[in-house]
Every structure is written in C-alpha cells, then in structure tokens.
Amino acid sequence: MNLLKNIRNYQPYNEQEARDQAHMIDYMTHHSDYLSRENQTAHFSASIWTVNPVRTKTLMVYHNIYDSWSWIGGHADGIEDLRSVALRELQEETGVRHAVLVSPDIFSLEILTVDGHIKNGRYVSSHLHMNVTYLAEADENEALTVNENENQAVQCFSFEDALIMPKEPWFVEHIYRKLIEKCTDCNSCKNCCADRT
C-alpha cells in the first residue's frame with residue numbers, strides 16, 4: 001500500500017476534503033515521520049464508519065477522552081496500511097469481528113484537531129490527526145463489547161440519532177453528516193457499490 005499515492009488519487013467529496021487532501025499531501029512530502037506519534041504536531045490516524053447493510057444505522061462508541069459519542073478509530077503508529085488499522089480499531093473498541101470493508105478505497109479524508117489531554121497519566125499536547133476513513137458494513141445484531149481503556153459504551157444508532165447524540169458540534173456538522181450523506185448517496189458510493197456486485 002502506498003498511502004501518499006492513494007491520497008493523491010482520492011477524489012474529494014467537498015471543499016473540506018479537497019483542502020485537507022492538499023494539506024496532507026504537502027505535509028507528507030515534507031515530513032517523513034507522519035505515521036508516528038513521535039511527530040507531535042501532526043500524524044496519521046484511521047477511522048472506520050461502520051454501517052448496517054441497509055445503510056440506516058452506524059456503530060459509535062462513547063469515548064473516554066472526548067466525553068462524547070464518536071466514530072471508531074486510532075493512530076497509525078507506523079503502519080502505512082490504514083485499512084488494517086481501521087479494522088483492528090473496530091474489533092478492539094467494539095468487539096465486532098465480522099465487519100467487511102465495502103471497498104478497499106479511501107471513503108473520506110479529514111484533518112482533525114485534538115485538544116491537549118491526559119492519557120496514561122501523561123499530558124499530550126494539542127495536535128492534528130490527518131485522518132483517513134474507510135467504510136465498513138457489519139450485522140447490527142453482532143455482540144458488542146466495551147474496551148474500558150478507551151470507551152464507556154458501544155451502541156448502534158440510527159443515522160438521525162448519530163447527528164444528535166455526539167457532544168462535538170464540529171464533528172456532527174462537518175464529519176458525521178458528510179459520512180451519512182456519502183454512504184446514502186449512490187453517486188458518491190458508486191465505486192463501493194461496483195465492488196459489491
């Protein structure tokens with residue numbers, strides 16, 4: 001997998017994605033440690049937007065640090081194959097073991113701000129996550145488990161509730177709303193749909 005090539009080839013969905021894509025490409029060409037948390041200014045993370053097969057619900061976790069319902073994801077930590085990172089985080093954070101990627105391609109790009117916080121007893125300074133999101137499907141009735149080191153709860157929400165339950169307005173308006181639009185819009189998901197036929 002060549003992450004830089006995949007990001008270059010990605011077709012942005014909107015202005016947010018286009019601007020963030022350009023910034024990611026520029027950052028990657030000037031910083032070799034973009035996959036590592038040792039880069040304390042910005043580093044890559046992977047998220048997974050997990051929906052039921054009929055695309056009416058999504059899986060969310062109640063995140064300890066952010067104190068809010070949120071999507072699922074984690075740091076690259078040196079791994080360039082962000083698909084594997086996203087699927088690993090899904091399993092670790094929710095217990096879901098039978099999710100499948102709708103497509104191996106990137107589903108969404110976004111640069112996320114992370115406020116300073118305490119993790120494992122140490123202060124982590126504010127920084128950026130250059131985030132790559134993948135779309136997965138899973139059975140909404142699969143048994144869920146909570147990873148108490150990361151989250152307080154795991155739940156499947158209707159798309160409507162996924163825009164109400166989180167406490168972070170920017171994520172709701174700029175990320176979750178976009179992801180819902182994209183996975184219910186056949187035109188934006190045509191490549192994913194083609195992969196499933």
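Contact here means heavy atoms within 4.5 Å. Keep in mind, too, that this is a predicted model.

**Stop one: the cores.** Select Leu3 and show whatever touches it. Leaving out residues up to four places away in sequence, Leu3 is in contact with Met28, Tyr34, Leu35, Phe44, Glu80, Leu82 and Val132. Now widen the view to the largest nonpolar core, which has 33 residues. Which of its members touch the most others? They are Leu3, Ile7, Phe44, Leu82 and Val132. To colour this core by element, pick out helix 1 (3-9), helix 2 (15-30), strand 1 (42-51), strand 2 (57-63), helix 3 (82-94), strand 6 (108-114) and strand 9 (127-137), the elements that each give it two or more residues. Apart from this one lies another core, of 20 residues; Val51, Leu112, Val172 and Leu179 are among them. As background, nonpolar side chains in soluble globular proteins tend to be buried together.

**Stop two: aromatic rings.** The structure holds eight aromatic pairs. Start with Trp69 and Phe157. Stacked or edge-to-face? This pair is edge-to-face, at 4.8 Å centre to centre with 85 degrees between the planes. Trp69 belongs to strand 3 (residues 68-70) and Phe157 to strand 10 (residues 151-158), so the pair ties together parts that are 88 residues apart in sequence. Check the accessibility of both: Trp69 is buried at 9% relative accessible area, and Phe157 is buried as well, at 4%.

Next, select Trp71 and Tyr176. Their ring centres are 5.8 Å apart and the planes sit at 75 degrees, so this pair is edge-to-face. Trp71 is in the loop between strand 3 and strand 4 (72-75), while Tyr176 is in helix 5 (residues 169-184), which puts the partners 105 residues apart. Both Trp71 and Tyr176 are buried.

**Stop three: helix 5.** Stay on Tyr176 and draw the helix axis: helix 5 bends by about 30 degrees at this residue. How far apart are the end C-alpha atoms of helix 5? They are 21 Å apart, which agrees with the 22 Å that its 16 residues should span at 1.5 Å a residue. Then show the buried residues of the helix: Phe171, Val172, Ile175, Tyr176, Lys178, Leu179, Ile180, Lys182 and Cys183.

**Stop four: backbone angles.** Select Arg55, in the loop between strand 1 and strand 2. Its phi is positive, about 60 degrees, although Arg55 is not a glycine. Buried or exposed? Arg55 counts as buried, at 12% relative accessibility. Then jump to Asn120, in the loop between strand 7 (117-119) and strand 8 (122-124). Asn120 has a positive phi too, near 55 degrees, but counts as exposed at 74% relative accessibility.

**Last stop: a distance check.** Select Arg19, found in helix 2. Arg19 counts as exposed, at 58% relative accessibility. Draw a C-alpha to C-alpha line from Arg19 to Arg88: the two are 28 Å apart in space and 69 residues apart in sequence.

Methods. Residues are numbered from 1 along each chain as its sequence is written. This is a predicted model: local features need pLDDT of at least 70, side-chain atom pairs count only at pLDDT 80 or more; totals for chains, interfaces and linings use all residues. Side-chain values use heavy atoms; hydrogens and water are left out. A nonpolar core is a set of buried Ala, Val, Leu, Ile, Met, Phe, Trp, Tyr and Cys residues joined through side-chain atoms within 4.5 Å. Buried means under 20% relative accessible area, exposed over 50%, partly exposed in between (1.4 Å probe, protein chains only). Helices (H or I, at least four residues) and strands (E, at least two) are DSSP runs, numbered from the N terminus. Rings of Phe, Tyr and Trp (its six-membered ring) pair if their centres lie within 6.5 Å; planes under 30 degrees apart count as stacked, over 60 as edge-to-face and the rest as tilted. The expected span of a helix is 1.5 Å times one less than its number of residues. The bend at a residue is the angle between axes fitted to the seven residues ending there and the seven starting there.
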